[in-house]
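Please consult the sequence and the model alongside the text.

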Amino acid sequence: MLHDSVAKRRSLKALAAELSAIAFLVPFLVPFLVFYVWPVVKGGWMSLHVWGVAGKQRFVGLDNYAKILRDDNFYANLWHSFYFVLIFVPLVIVFGLVLALLVNRKMPMRALFRSVYFLPYVLSVSIVCFIWMRMLDSGSGLVNSILAAFGLPGANWLTDPDWAWWSIAITTVWWTVGFVMVLFLAGLQEIPVEFYEAANIDGANSYQRFRHITLPGLSGVMRVQIFYQVIASLKLFGQVHIMTQGGPGDTTNTFVRYIYLTGFKKDLFGLASAQSLLFCLIMLIITAAQYRFMNKRED
Amino acid sequence: MKPGKWLQTTMVLTLAAVMLLAGCGSNSNEEGSGGTTTSAAETAETNSGPVEITYWNLFGGGEGDFADQIVKNFNDSQSEIVVKALRLESNEYYAKLGTALASGKGPDVAIAHVDKIAPFVKANQLAALDEPAAKAGFDYADVTDSNAQSVVYDGKHYAVPIDTHFHMLYYNKDLLDKAGLLTADGLPNLGDVSPEGFKNFLTELKNKLPDIEPFAVNVPYFHEPFYNLYYEAGGDLLNADNTQAAINNDKALQVLNFYLDLFDSKLSDVNDKTPWQTFHDGKAALWFGGVWEAGWHFGEQNLNVGAMPLPPIFGSEQHWGSSHTLVVPAYVDPAKQEAALKFAKYYILEGGKIWGQAGHVPAGKAVVSSDEYKNLPYRKYFIEAQKTVKFAPKTDKYNAIDTSIQEVLQNIVFKKVTPQEGLGIMEKEINDILAN
Amino acid sequence: MKKAVVNLSAIGFALLFLLPLVWMIVVSLKPDGVSATNVRDWVDFSDLTLDNYRKIFNSSGILKWMLNSFLIGTITTVISLLISSLGAFAFSQKRFRTKVVLYVFVASGLLIPVEALLIPLYDTVLHLQLLDNMWGIILPGLTNPLGIMLLKQFMDGIPQNYVEAARLDGCRDFRLWRSVFVPLTSSAMVSVGIFYFILSWNNFIWPYIAITSEEHMVLAAALPTFLSNNTLLVNNIMAASAIAAIPAMAVFIVLQKNIVQGVAMTGIKG
């Protein structure tokens, strides 16, 4: 009997502890449920219908999904999104880290440099794209003009299938590396100064300091950064929509642009919702794989 | 610095709290009145003050300024109706209009392209306008016949067209003159008006002026140059009752091969993403440009430019066109519908004079035949070209069809599929869409 | 020697970063009709004018739009930081059985692109009567979980001896959060705050759809009206862009000192 009441008290205590922890999450979860989860569920409902401008048209069950999986464009566009992740994420992480290290040293006017590297991030996607479209213009763009001044041949940066993705990547790096840099900076601040002092006493050179103190110290931030950049670049839409319109042809057509066109240009909202859910599923698998990979490394 | 950080946080939170309360205050006023529709309806009933109608349009930049001027003139010209315009220039305009129409929370009158209204009509989201037009004293006979016909569904009018817009052949007189290809009348000496003849003309241009692009083609919006020549060839997108694709045929193939040949021969630059700018900068001799570019090109001091209807290279003078119309959502109450039609009437009879300056051909018969309008540069050619415009097929699936065609055209132009393959894909996709 | 090379590369990068922006500013100061792409025209600085800016400020409610954007941005940022920090604290410091499930649930908020959610979200906000309302923009903006995820990482990095010391002092839960974790993650919070502010400031598509009256318009959604469908008045576009960029930049400049605030860990005895 005593055993029972002790067990009951323990489980009540456990429940109380559980609830008090969750209480800290409630302020986030409430808007999250109402303004994200619920629309996602509604989207799921829409994906089971043919849903047009007029609203619900008819129930088609899983037909939309079958249609998508039979569509060549689905696989092509998915691959395009993956491709961008492969070329972009290493670029932006490495470059962001380099800039953070550059700016973290004692150097004159480092606040100025910090601001300059961050500056592009405050611009909206349409402005960034507009500026870079002009600069990368085959005929009168700045980039080709400068190359010509050095006697080098220009290129069709946005309409040549070989260059289109790199143009998108460079534009995106210019735009967003400032944010990566800032997060790495915050991470660098967290590494205790005395670690470095101890290392200096031990006679470590800068490479060794970097490898054994800085990198491990940044591992937490690095993990989230990579995780976030992979997801964000999988969702690439604005730049390929504005700069290349998915082109040349459909070379740079990403999955999200595919969803956007299906929904907003073809009025096929049910189909677009199905595409979104499939995409979400695929991303879940990727992030789960990422998570496992990252955590394994930590051990 | 920790206490400083707390000070900052407290300040920001206080500021936020103040703003929050300020925001809540003004917003609760909005919600209390239940939105402009109800309050203005009450106003109309009690007859105490002018009827206020909200007007959404998608005009930006210079065009938008003309549109604003027309609204201002209308408001100044009478005191029963006040039009409040909201400029919403964006590629997402129809997403916004669509959600507004579906939810019942939107404007009292809005601009819509004529080829976009079919789905809204089918969904019963637009008001039939014959009754409110009668009450407002607006007669559709004042509108150019082809325009008036373009907005009829099931025998009723569902919009008021305010213009037609399409492409003209803009030509750089100085460049053509230098190449010796300008006639005494200042027109391009096109010679044999056929695909081969046109290509020869361009080749001669290129030989005489090697640094100039003979013919700028709108590659980013390639469906427009495609439709232009395809319609000239007598082609259609769909069959007569809009149930089947009719695009996979020799005419389409010829047109596509024609353009691809021009790109391959470097008579047109397939990599130019801003061909309108190339022409405007004097780097291209010919350009199938929109009528809406008229003001821009003609106003450029360094540019000696002329405009003429598209030459019937592929046989006929039929070419692509669209038109802006005013639509009234179905949820709008009768008093406001009438007010909206009075505004439309003004647009047709008076506003068109200003609207014509923006380059579009106004839909009001009176304006188009007025001297004022005809005296605008090259306007007689615009009027002539308007007569052979071909609008999009009136199917509620047009958006999907047009988007599909655009996508495949891009793949064709950039050699990812052959024209034959491309047309086959288009046919299949269009039939899928229609069958849905 | 190495220092010189490093400094030179810093300067080199800085110039590369600035080049497009300088181009934008110069073009925004050019009068109508001057070609923005012709380099010769561009370097001719004799025709610089503030006309484009004047035109934009004089026409309609740009100041109102900026105020709306600023209000929405600030409120979104402050609330986001609050709820993210609280949530991060739970994930980082507390043990509870549903932790992993909830973390995955929260992280999944990153997955679905906003374009895919526009229609169902519109429906939801419509039913809550928050259309054309500042809160209709703020509340959906609070669903981005990046803040929680980042702050959790930073909180994980705080040495346990700090935490133990505080706990021994009788600090529990909320007080622990407020007195220890919030101050110690201040650099991270500033970074996250900047992120949320800029996200909100530049947010276009949702406000464009959800706001139906001019008084409630935000800058990002209203500025495209200065663009033109087919004729490109580049100078106007660049002036409008500069106007949009300056406040966001100002926020960054003011807050950036706090990023390198750093936590002084010296002298703490374990």
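In which helix of chain C do Asp156(C) and Lys152(C) both lie? Both belong to helix α8 (residues 146-156) of chain C, where they are 4 residues apart, about one turn of the helix; helices (H or I, at least four residues) are DSSP runs, numbered from the N terminus. This is a predicted model, in which local features need pLDDT of at least 70 and side-chain atom pairs count only at pLDDT 80 or more, while totals for chains, interfaces and linings use all residues. Residues are numbered from 1 along each chain as its sequence is written, chains are lettered from A in the order in which they are written, and side-chain values use heavy atoms, leaving out hydrogens and water.

**Salt bridges overall**
- Over all chains, the structure holds 20 salt bridges (a side-chain nitrogen of Lys or Arg within 4 Å of a carboxyl oxygen of Asp or Glu).
- A network of salt bridges links Asp65(B), Asp68(B) and Arg87(B).

- Asp156(C) and Lys152(C) form a salt bridge at 2.8 Å, N to O.
- Lys152(C) is buried at 15% relative accessibility, whereas Asp156(C) is partly exposed at 38% (buried means under 20% relative accessible area, exposed over 50%, partly exposed in between; 1.4 Å probe, protein chains only).
- Glu338(B) and Lys342(B) meet in a salt bridge of 3.4 Å, N to O, and both lie in helix α14 (residues 334-357) of chain B.

**A pair between helix and loop**
- The closest N and O atoms of the salt bridge between Asp173(C) and Lys94(C) are 2.9 Å apart.
- Asp173(C) lies in helix α10 (residues 173-184) of chain C and Lys94(C) in the loop between α4 (62-93) and α5 (99-107), so the pair ties together parts 79 residues apart in sequence.

Conventions: Helix = DSSP H or I, 4+ residues; strand = E, 2+ residues; numbered from the N terminus.
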